[in-house]
Amino acid sequence: MKCAMFPGSFDPPTLGHINIIERSARLYDRLYVVVADNVAKKCLFTAEERIRLIKDNFRDKENIEVLSFRGLTVDIARELGVDVMIRGVRAAGDFGYEFELAMTNKQLLPTVETLFMPTDPHYFLLRSSAIKEMAIFGADISAMVPANVAKALAERVVSRETL
Ligand code: ADP
């Protein structure tokens, strides 16, 4: 059984992430989507919320499992016993960072391969940080994220404004 993982922050998940998850799940028997529960990174959504936002888009896909992890990506890769770590790349700008990350991970865990999956041309402009900012300033982000994420973002932005 060939297993892969797709690690990331997913704060929030975008249609770009959803697309990489769908395509990767077609290539592997099992795909683990690993939501980074990173204490140092300030996220708009908790790890549990991000898990739910992803899961709700894949209710009928039995080979996709979504979980969170606090720690090094290589440690969860080892724990899950995956063969491959998938990373999505949008533009050349992503590549330098992703390449260095892949080199580091290879050194820490030589048995796991990093595979880069180029974004679908429809989604190459999608970036979670920009989407959050657009949502905060009231832009229509409904073509950039799944419907459940658009709803959650609208609710979160309103609840922050009323704090
Ligand atoms: P991280 O903090 O790990 O970079 P992100 O949630 O920003 O977490 O991204 C997770 C993964 O998804 C990364 O490999 C990133 O390159 C990829 N990704 C993000 N947005 C897109 C997109 N629009 N198309 C394809 N891949 C994407």
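I began with F95, which counts as partly exposed because its relative accessibility is 40%. The model I am reading is predicted.

**Entry 1**

**Entry 2. Aromatic pairs**

I then asked how many aromatic pairs the structure holds. The structure holds three of them. For F6 and F10, I noted ring centres 5.3 Å apart and planes at 70°. An angle over 60 degrees counts as edge-to-face, so this pair receives that name.

I returned to F95 and F99, which form a tilted aromatic pair. Their rings are 5.6 Å apart, centre to centre, with 35° between the planes. I also recorded that F95, F99 and F116 form one aromatic cluster.

Are F6 and F10 buried or exposed? F6 has 4% relative accessibility and therefore counts as buried. F10 counts as buried too, because its relative accessibility is 2%. The cut-off that I applied for buried is under 20% relative accessible area.

**Entry 3. Cysteines**

I searched for disulfides and recorded zero in the structure. A disulfide is a covalent bond between the sulfur atoms of two cysteines. I looked up two cysteines by their accessibility. C3 is buried, since its relative accessibility is 9%. C43, with a relative accessible area of 23%, is partly exposed.

**Entry 4. The largest pocket**

I noted a volume of about 1100 Å³ for the largest pocket. Which residues of its lining are the closest to its centre? Of the 44 residues that line this pocket, they are P7, G8, S9, K41 and R87.

I then sorted the lining of the largest pocket by helix and strand. The elements that each supply at least two residues include the strands β1 (3–8), β2 (30–36) and β4 (84–89). Helices α1 (15–27), α3 (73–80), α4 and α5 (128–136) also each supply at least two residues. Helix α4 gives the most to this lining, with eight residues.

Last, I looked up the residue classes in the lining of the largest pocket. I recorded 18 nonpolar, 15 polar and 11 charged residues.

Technical notes: Residues numbered from 1 in each chain as written. Predicted model: local features only at pLDDT ≥ 70, side-chain atom pairs only at ≥ 80, totals over all residues. Heavy atoms only, no water. Phe/Tyr/Trp six-rings, centres within 6.5 Å; stacked < 30°, edge-to-face > 60°. Buried < 20%, exposed > 50% of the residue type's maximum accessible area, 1.4 Å probe, protein only. Disulfide = S-S within 2.5 Å. 1 Å grid on protein atoms, 1.4 Å probe; cavity = no way out; pocket = protein on both sides within 12 Å on 5 of 7 lines; lining within 4 Å. Points joined across faces, edges and corners; volume = space filled by probe spheres on them. Helix = DSSP H or I, 4+ residues; strand = E, 2+ residues; numbered from the N terminus. Nonpolar A, V, L, I, M, F, W, Y, C, P; charged D, E, K, R; others polar.
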